[in-house]
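The following paragraphs lead through a protein model, from its secondary structure to its surface. Please consult the sequence and the coordinates alongside the text.

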Amino acid sequence: MYTSNLLFIGTQEIIIIVVLVLLLFGGKKIPELMRGLGRGVKEFKDGQKEEPSEQKNNTSDNTSNP
C-alpha cells in the first residue's frame, strides 16, 4: 500500500502545524501547555521507575506471611 508516504512529514507540513497551533492557542498559552506536557512525561517516567520496587515489596510481604 501507499502508507509509507504518510509516515514522513515535510517542512511545509510542520510549518502549517506550528502556525495552526499559534492561531489556536496564542503565544502566551503555548509555554504553559509545554510545561504541563513536560510535567506529565516526568510523572509517567517516575511512575514506571517506582512500580517494580512496589511490586517487589508486595510480593516479599506476601511470602513472609503465610
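In which helix is the place of leucine 37? Leucine 37 lies in helix H2, and its relative accessible area of 53% makes it exposed (buried means under 20% relative accessible area, exposed over 50%, partly exposed in between, with a 1.4 Å probe and protein chains only).

The model is predicted: local features need pLDDT of at least 70 and side-chain atom pairs count only at pLDDT 80 or more, while totals for chains, interfaces and linings use all residues. Residues are numbered from 1 along each chain as its sequence is written, and side-chain values use heavy atoms, leaving out hydrogens and water.

The protein chain contains 2 helices and 0 strands; these are DSSP runs numbered from the N terminus, helices being H or I with at least four residues and strands E with at least two. Helix H1 comprises 15 residues, 11–25, and its first and last C-alpha atoms are 21 Å apart, close to the 21 Å expected at 1.5 Å a residue (1.5 Å times one less than the number of residues). Glycine 26 follows H1 and has a positive phi, near 85°.

Of the 66 residues in the protein chain, 2% count as buried. The accessible surface amounts to about 6,500 Å², with 62% belonging to carbon and sulfur atoms (Shrake-Rupley method, 1.4 Å probe; for residues, only the protein chains shown count as cover).

Glutamate 32 pairs with lysine 29, their closest N and O atoms being 3.5 Å apart. Because these residues are 3 residues apart in helix H2, about one helical turn separates them. Glutamate 32 is partly exposed at 44% relative accessibility, and lysine 29 is partly exposed at 40%.

Conventions:
Salt bridge = Lys/Arg side-chain N within 4 Å of Asp/Glu carboxyl O.
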